[in-house]
Amino acid sequence: MSVINRRTLMGAALTAGSLLSSSAQAKPRIGQPAPKFSVTTFDQKTVHLADLIGQVVVLNYWAVWCGPCKQELPEIDAYVRRHVGDDLKVFAVTIDDAVSNKDLKPLASALSFPLARYINGRGYGPIDGAIPSNYVIDRSGVLRYARANAFTYSTFDQLITPLLAEKPAQAPPAV
């Protein structure tokens with residue numbers, strides 16, 4: 001089993017791109033249903049938020065030239081590897097347009113969650129233009145976290161483990 005390391009991230013950093021500008025789109029609101037999105041992974045699979053209901057979802061925006069990102073991705077990867085089968089889906093969305101998929105392939109192979117380059121959805125992206133930025137959606141599809149900061153293993157664990165322990169809200173009975 002391949003484990004991500006900082007050297008893999010450093011190698012990808014040699015072909016750094018530029019930061020996307022922040023958008024004027026409405027920001028998703030914590031405690032409200034998460035805005036719909038679809039994400040296209042490096043292996044060309046498209047996943048929609050509706051496909052992920054019942055799972056905890058993390059959208060992580062990062063760049064190869066971002067120092068905090070180089071610390072964060074291995075921390076998230078370590079958590080995900082220790083919680084295989086826990087209904088946790090992480091998508092690491094790169095904002096590096098200048099870095100080719102070929103250059104990122106070693107990193108994509110090392111991670112235990114998919115890299116993505118494309119996400120469609122109103123309001124998602126680097127928060128206030130900063131990365132890393134993270135969005136966490138609970139099992140019921142409610143946005144529970146949206147911040148521009150880097151997770152450590154401990155802070156990720158403190159946020160995600162309780163969400164994994166929650167049961168999804170049940171839909172009201174059909175009338």
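Does Q44 count as buried or exposed, and what is its relative accessibility? At 56% relative accessibility, Q44 counts as exposed, where buried means under 20% relative accessible area, exposed over 50% and partly exposed in between, with a 1.4 Å probe and protein chains only.

The model is predicted, so local features need pLDDT of at least 70 and side-chain atom pairs count only at pLDDT 80 or more, while totals for chains, interfaces and linings use all residues. Residues are numbered from 1 along each chain as its sequence is written, and side-chain values use heavy atoms, with hydrogens and water left out.

**View 1. Q44 in the loop between β1 and β2.** Q44 is not a glycine, yet it has a positive phi of about 65°. The loop that holds Q44 lies between β1 (38-41) and β2 (46-48); strands (E, at least two residues) and helices (H or I, at least four) are DSSP runs, numbered from the N terminus.

**View 2. D128 and P132 in the loop between β5 and β6.** D128, a residue other than glycine, has a positive phi near 55°, and D128 is exposed, with a relative accessible area of 61%.

**View 3. Helix α4 and what covers its buried residues.** Helix α4 (residues 153-165) has 13 residues and reaches 18 Å from its first C-alpha to its last, close to the 18 Å expected, a span defined as 1.5 Å times one less than the number of residues. Its buried residues are F156, L159, I160, L163 and L164. Among the elements that cover them, by contact (heavy atoms within 4.5 Å), are α2 (67-82), β3 (56-62) and β6 (133-137).
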